[in-house]
Amino acid sequence: MKHTTYMTESDPSHKRYLDVFRYSRRALELVWTTSKQLALIFAILTLIAGILPAAVAWIGQLIVDGVVTAIGQQQQTGTADTTFVLLFVIAEAGVVALIAGAQRGISTCQALLRALMGQRINTLILEKALTLKLSHFEDSEFYDKLTRARREASTRPLSLVTRTFGLVQNGISLVSYAILLVQFSPWTVLILIAGGVPEFLAEAKFSGDKFRLFRWRSPETRMQMYLETVLAREDYAKEVKLFRLGPLLLRRYRAIFEKLFAEDRKLTLRRDSWGFFLGLIGTVAFYGAYSWIALSAIKGVISLGQMTMYLMLFKQGQSAVSASLSAISGMYEDNLYLSNLYEYLEQEVPQQAGLMQCGPQPGDGVRLEQVSFTYPGAEEPVLQEVSFHLQPGESLALVGENGAGKTTLIKLLTRLYQPDSGRILLDGLDLQKWQADALRSRIGVIFQDFGRYQFKVGENIGAGDVNYFEDRQHWQQAAEKGMADSIIEKLPEKYDTQLGKWFKGGRELSGGQWQKIALSRAFMRSEADLLVLDEPTATMDAAAEATIFEHFRDLSRDKMTILISHRFSTVRMADQIIVIEKGRIVERGCHEQLMNQNGQYAYLFSLQAEGYR
Ligand SMILES: Nc1ncnc2c1ncn2[C@@H]1O[C@H](COP(=O)(O)OP(=O)(O)OP(=O)(O)O)[C@@H](O)[C@H]1O
């Protein structure tokens, strides 16, 4: 991608340097569209805060000159008119109060915008995540992008806008100072600006270095975040304690920190020492001009009041220059981080173009024709030339060793992945041509690693069909079918019982109980005509499993069901059994046929039956 190259190269040219500011406009747009009102107030207050400091310096001059004149009057006539001086003092106090008000207003706007923008950007990041494919989440490089965007990007647009406004504010101040300073000498303006440039260049260089460091080491930072999760989350606590993994993982965690810290320290030290030495140039320039102004006052070229004003202007001008320059280098840094956010948000996700709501042959069921598939980045295919036909009312069981490719087949069937070759048809229509929602509503699936949501029990069941996520009646019907109703009845708040331990009053369920909840979730899709259960009963006791399958069969008589199980007592009930070995179908038929063939199935079946004897 074009816009990533400049960040990976270590020596950005001027063009690239300017190019990097291209996210400023988008950040401004983002702030503007988040709250026009706040953005406008922010801009106006910035202008006010920019203009007023010069007014303070100017009134200061009038005060000092007024005082000097008054002293002269006092010495000559014994009385002096102090009204003007006092009026100027009051005016200066008023302007200073206005500046303080404007500054307070700016920080209020910033605080409010920060909250709104954080929420807006996090929502953008999450909305994008919803459009991603499963393969994106399994791609470590892409996952890095997502994590980086989540970690840093939410605060950067506002920071960029704040800095831009700060720059404008300081720019306005500088112009107003320059207008007054030029009356003394145009050289002072030049000294003022030139004094800050070396420090700025160093800042900009180190901002780039810091960003590159951030990018390079994001896998390590992710590992750190992961270790934090493992060390501090309830679902790992059992193993961490019993296997005494804690100290080992903590050591790893520290080692990563130490490595990262060493790099950070090096960069911080370099950044600050260069910043200090180059900052000295500014200080020398300042004191040079200071002496020049003081000498001019002694020679009577300027009045005492003017000297006070010029010194004040020069001092404030110097801090405005260094604030502007550090705003620019900060903007550079923010832009770099924003490039991350936009890289993530602009990641192209080829959307399924399908628009069809139904197929040309309703009732034809599911057909796989010569389907082959290799995971992205893998060398060996996981599935090779798999074909079968499943009609409404039929049940299919998939059998095979661990890693044979059974779950992958389900992922293809549910269009989470796309076959590399071959076709999968539902009602005679290729899955790719189905409209996403229409397809999803036809299929109910529970994977072996189903989600255990830290929500209410009812919602955990309702998750199976978003249309009825909060519908009690549907929860109850599904729970009866999935045989979870008797468990739920015993819970303190029935369907409203919170599950998991993350929230107050949460109840934990046993593995088998969770599976019944997941099974009920599958039954939420009452209109689905393909139900897929990927080892849903693995942790249930044998009696429960047998009852559940009988029940499952009765309830899904007119539907297609696909079952993956390592328990042959269950598998044998299926109308069609397919044995997969290393991604290929090696045997197919009903239980009797396969037993008669005396092949792999018969061998595995007898092996298990043997175990039960
Ligand atoms: N997301 C993935 N990316 C890359 N390879 C994967 C991915 N998921 C699974 N695999 C690989 O594909 C092969 C088949 O995995 P799959 O999960 O389909 O097996 P399975 O038959 O369901 O096994 P099990 O009985 O253990 O559940 C395995 O070798 C596995 O390592």
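Angles under 35 degrees count as roughly parallel, over 145 as roughly antiparallel, 65 to 115 as roughly perpendicular and the rest as oblique. Axes here are lines fitted to C-alpha atoms, for helices over the stretch in contact, with angles running from 0 to 180 degrees between N-to-C directions. The model is a predicted one, so local features need pLDDT of at least 70 and side-chain atom pairs count only at pLDDT 80 or more, while totals for chains, interfaces and linings use all residues. Numbering starts from 1 along each chain as its sequence is written.

Take helix 7 (residues 140-152) and helix 10 (residues 218-232), whose axes come within 10 Å and cross at roughly 75°; helices (H or I, at least four residues) and strands (E, at least two) are DSSP runs, numbered from the N terminus. The two helices are therefore roughly perpendicular to each other. Asp144, Thr147 and Arg148 of helix 7 meet Ser218, Pro219 and Arg222 of helix 10, contact meaning C-beta atoms, placed from the backbone, within 7 Å.

Then there is the sheet: four strands, open, in the order 2-1-4-5, with antiparallel pairing (two strands pair if DSSP finds at least two bridges between them). Strand 2 (383-390) and strand 5 (429-430) sit at the edges, each pairing on one side only. Strand 4 (residues 421-426) is joined to strand 5 by two bridges, and Leu425 has Asp430 as its bridge partner in strand 5.

Helix 14 lies across strand 1 (366-373), strand 2 and strand 4, at about 115° to strand 1. Helix 14 (residues 406-413) also gives the shell around the ligand its largest share, three residues.

Methods. Contact = placed C-beta atoms within 7 Å.
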